[in-house]
Amino acid sequence: DVIPRTFGEGVLGLGGSALGVAEERVKGAIYLISHAVRIDSLVNSVRSIHEHFNVRYRYPIVIFTEGDFLQEHILRVHEAAGVTGAAEAFANGTITTAALTRLSTVSFYR
């Protein structure tokens, strides 16, 4: 099945650039499994995937988690995926977790 993923015009997305795409069809996904104690490894993996692959192809990254991920950990992963300023925007109250997930390619499932 093809999962539609919609981005509005001018929405800031990956790497802080405007995607300007009305609709984008997802052809696959990247799945990761992680535990909260391995947050540094997860951040490094997501950053590497973003820099070497996802900056061009923008595949969704689905992370299955064990343990309690703190909000700080989730924000670090979103920033590693190219959403610049995620931590500051969340701290200032200018973005919610739900809105951040819509801007990022990363989704968390527990």
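Predicted model: local features only at pLDDT ≥ 70, side-chain atom pairs only at ≥ 80, totals over all residues.
**The nonpolar core and what surrounds it**

The largest nonpolar core has 16 residues, and those that touch the most other members are Leu 32, Leu 42, Val 46, Ile 61, Ile 63, Val 77 and Val 106. At least two residues of this core come from each of β3, α1, β4 and α2, and α1 gives the most, with five residues.

Leaving aside residues up to four places away in sequence, Val 46 touches Leu 32, Ile 61, Ile 63, Val 77, Ala 80, Ala 81 and Val 106.

The chain has 110 residues, of which buried residues make up 38%. When contacts between residues at least 6 apart in sequence are considered, 64% of them join residues at least 24 apart.

The buried residues of α1 are Ile 39, Leu 42, Val 43, Val 46, Ile 49, His 50 and Asn 54. An α-helix has 3.6 residues a turn, so residues three or four places apart point the same way. What covers the buried residues of α1 includes the strands β3 (30-35), β4 (61-66) and β5 (106-109), together with the helix α2 (71-80). After α1 comes Arg 58, which has a positive phi, near 55 degrees.

Side chains of opposite charge can pair when their charged atoms come close. A search of the whole structure finds two salt bridges, and in one of them the side chains of Arg 76 and Asp 40 meet at 2.8 Å, N to O. Because Arg 76 lies in helix α2 and Asp 40 in helix α1, this pair ties together parts that are 36 residues apart in sequence. Arg 76 has a relative accessible area of 31% and is therefore partly exposed, and Asp 40, with a relative accessible area of 48%, is partly exposed as well.

In another salt bridge, the side chains of Arg 110 and Asp 68 meet at 3.0 Å, N to O. This pair links distant parts of the chain, with Arg 110 in the segment after β5 and Asp 68 in the loop between β4 and α2, 42 residues apart. Both Arg 110 and Asp 68 are exposed.

Setting aside residues up to four places away in sequence, Thr 65 touches Ser 34, Phe 108, Tyr 109 and Arg 110. Phe 64 also lies in strand β4, but at 36% relative accessibility Phe 64 counts as partly exposed. Together with Tyr 31, Ile 33 and Tyr 109, Phe 64 forms a nonpolar patch on the surface, and these residues have about 490 Å² of accessible area together.

The last stop is the loop between α3 (86-92) and α4 (97-103), where Thr 96 is found. With a relative accessible area of 47%, Thr 96 is partly exposed. Thr 96 and Ala 86 are ten residues apart along the chain, and their C-alpha atoms are separated by 9.8 Å.

Conventions. Residues numbered from 1 in each chain as written. Heavy atoms only, no water. Buried < 20%, exposed > 50% of the residue type's maximum accessible area, 1.4 Å probe, protein only. Contact = heavy atoms within 4.5 Å. Helix = DSSP H or I, 4+ residues; strand = E, 2+ residues; numbered from the N terminus. Core = buried A, V, L, I, M, F, W, Y, C linked by side-chain atoms within 4.5 Å. Patch = residues over 30% accessible without salt bridge, like charges linked within 9 Å, V, L, I, M, F, W, Y side chains within 5 Å. Areas by Shrake-Rupley, 256 points an atom, 1.4 Å probe, with all protein chains shown as cover. Salt bridge = Lys/Arg side-chain N within 4 Å of Asp/Glu carboxyl O.
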